[in-house]
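The sequence and the structure come before the discussion.

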Amino acid sequence: MPILQLLRIISKQTKNPLLQNIIEEIFTVVKDGGAFSKALGQYPNIFPRLYVEMVHAGELSGHLD
(Lines give C-alpha, C1' and ligand atoms only; values in the text may rest on other atoms or scores of the structure.)
Protein backbone atom coordinates (compact mmCIF):
# COMPACT_ATOMS: atom_id res chain seq x y z
CA MET A 1 0.00 0.00 0.00
CA PRO A 2 1.50 3.40 -0.93
CA ILE A 3 2.75 5.55 1.95
CA LEU A 4 0.49 8.49 1.08
CA GLN A 5 -2.57 6.27 1.20
CA LEU A 6 -1.48 4.86 4.57
CA LEU A 7 -0.86 8.32 6.02
CA ARG A 8 -4.32 9.46 4.89
CA ILE A 9 -5.97 6.42 6.51
CA ILE A 10 -4.03 6.85 9.75
CA SER A 11 -4.89 10.54 9.84
CA LYS A 12 -8.61 9.81 9.51
CA GLN A 13 -8.52 7.11 12.20
CA THR A 14 -6.55 9.16 14.74
CA LYS A 15 -8.69 10.62 17.48
CA ASN A 16 -6.00 12.89 18.98
CA PRO A 17 -6.25 16.25 17.13
CA LEU A 18 -2.58 17.15 17.70
CA LEU A 19 -1.36 13.81 16.35
CA GLN A 20 -3.82 14.03 13.46
CA ASN A 21 -2.39 17.44 12.53
CA ILE A 22 1.17 16.10 12.64
CA ILE A 23 0.27 13.15 10.40
CA GLU A 24 -1.37 15.52 7.94
CA GLU A 25 1.78 17.68 7.91
CA ILE A 26 3.90 14.58 7.25
CA PHE A 27 1.47 13.65 4.45
CA THR A 28 1.94 17.10 2.88
CA VAL A 29 5.75 16.91 3.02
CA VAL A 30 5.78 13.47 1.39
CA LYS A 31 3.14 14.47 -1.19
CA ASP A 32 5.29 17.47 -2.15
CA GLY A 33 8.28 15.19 -2.80
CA GLY A 34 10.00 15.30 0.58
CA ALA A 35 11.50 12.25 2.22
CA PHE A 36 9.35 10.42 4.76
CA SER A 37 12.30 10.27 7.16
CA LYS A 38 12.85 14.00 6.90
CA ALA A 39 9.17 14.63 7.64
CA LEU A 40 9.35 12.37 10.70
CA GLY A 41 12.55 14.09 11.82
CA GLN A 42 10.66 17.36 12.20
CA TYR A 43 8.98 15.85 15.28
CA PRO A 44 11.77 14.57 17.56
CA ASN A 45 9.46 14.50 20.59
CA ILE A 46 7.26 11.94 18.82
CA PHE A 47 9.66 10.02 16.56
CA PRO A 48 13.00 9.13 18.21
CA ARG A 49 16.16 9.76 16.21
CA LEU A 50 16.88 6.02 16.00
CA TYR A 51 13.48 5.40 14.39
CA VAL A 52 13.98 8.26 11.92
CA GLU A 53 17.43 6.94 10.99
CA MET A 54 16.03 3.41 10.48
CA VAL A 55 13.36 4.82 8.15
CA HIS A 56 16.06 6.78 6.33
CA ALA A 57 18.18 3.63 5.89
CA GLY A 58 15.10 1.85 4.52
CA GLU A 59 14.53 4.66 2.05
CA LEU A 60 18.13 4.54 0.85
CA SER A 61 18.15 0.77 0.46
CA GLY A 62 14.72 0.59 -1.15
CA HIS A 63 13.44 -1.69 1.61
CA LEU A 64 11.28 0.61 3.71
CA ASP A 65 8.59 -1.98 4.44
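Which element gives the most to the lining of the largest pocket? Helix α1 does, with four residues. The model under discussion is predicted.

## Overall fold

The protein chain has four helices and zero strands. Read from the N terminus, the order of elements is α-α-α-α. The radius of gyration is 12 Å, close to the 11 Å that the globule rule gives for 65 residues, so the chain is as compact as a globular protein of that length.

The C-alpha trace spans about 30 × 25 × 20 Å along the principal axes of the chain. Of the 65 residues in the chain, 26% are buried. Among contacts with a separation of 6 or more, 17% are between residues 24 or more positions apart.

## The largest pocket

The volume of the largest pocket is about 330 Å³. Two or more lining residues come from each of α1, α2 (17-31), α3 (36-41) and α4 (49-61). The lining has 13 residues, and those nearest the centre of the pocket are I3, L7, F36, L40 and Y51.

What is the make-up of this lining by class? Twelve of the lining residues are nonpolar, none is polar and one is charged.

## The nonpolar core

The largest nonpolar core has 13 residues. Within this core, the residues with the most contacts are L7, I26, V30, F36, L40, Y43 and F47. At least two core residues come from each of α2, α3 and α4, and α2 gives the most, with five.

Which residues does I26 contact, leaving aside its neighbours within four places in sequence? They are L7, F36, A39, L40, Y43 and F47.

S11 is part of helix α1, which covers residues 3-13. Is S11 buried or exposed? Its relative accessibility is 2%, under the 20% limit, so S11 counts as buried. Beyond its neighbours within four places in sequence, S11 is in contact with Q20, I23 and E24.

S37 belongs to helix α3. S37 counts as buried because its relative accessibility is 5%. With residues up to four places away in sequence not counted, S37 touches V52, V55, H56 and E59.

## A loop residue between α2 and α3

A35 sits in the loop that runs between α2 and α3. Its relative accessibility is 34%, so A35 counts as partly exposed, a class that falls between the 20% and 50% limits.

Which residues does A35 touch, not counting those up to four places away in sequence? A35 touches V29 and E59. E59 is also one of the residues that S37 touches. The C-alpha atoms of A35 and V55 are 9.7 Å apart in space, and the two residues are 20 apart in sequence. V55, for its part, is among the residues touched by S37.

Note on methods
Residues are numbered from 1 along each chain as its sequence is written. This is a predicted model: local features need pLDDT of at least 70, side-chain atom pairs count only at pLDDT 80 or more; totals for chains, interfaces and linings use all residues. Side-chain values use heavy atoms; hydrogens and water are left out. Buried means under 20% relative accessible area, exposed over 50%, partly exposed in between (1.4 Å probe, protein chains only). Contact means heavy atoms within 4.5 Å. On a 1 Å grid over the protein atoms alone, a cavity is a set of points where a 1.4 Å probe fits but cannot get out, and a pocket is an open set with protein on both sides within 12 Å along at least five of seven lines; lining residues have an atom within 4 Å of a point. Grid points are joined across faces, edges and corners, and a volume is the space filled by probe spheres set on the points. Ala, Val, Leu, Ile, Met, Phe, Trp, Tyr, Cys and Pro count as nonpolar, Asp, Glu, Lys and Arg as charged, and the others, Gly among them, as polar. A nonpolar core is a set of buried Ala, Val, Leu, Ile, Met, Phe, Trp, Tyr and Cys residues joined through side-chain atoms within 4.5 Å. The radius of gyration is taken over C-alpha atoms; the globule rule is 2.2 Å times the number of residues to the power 0.38.
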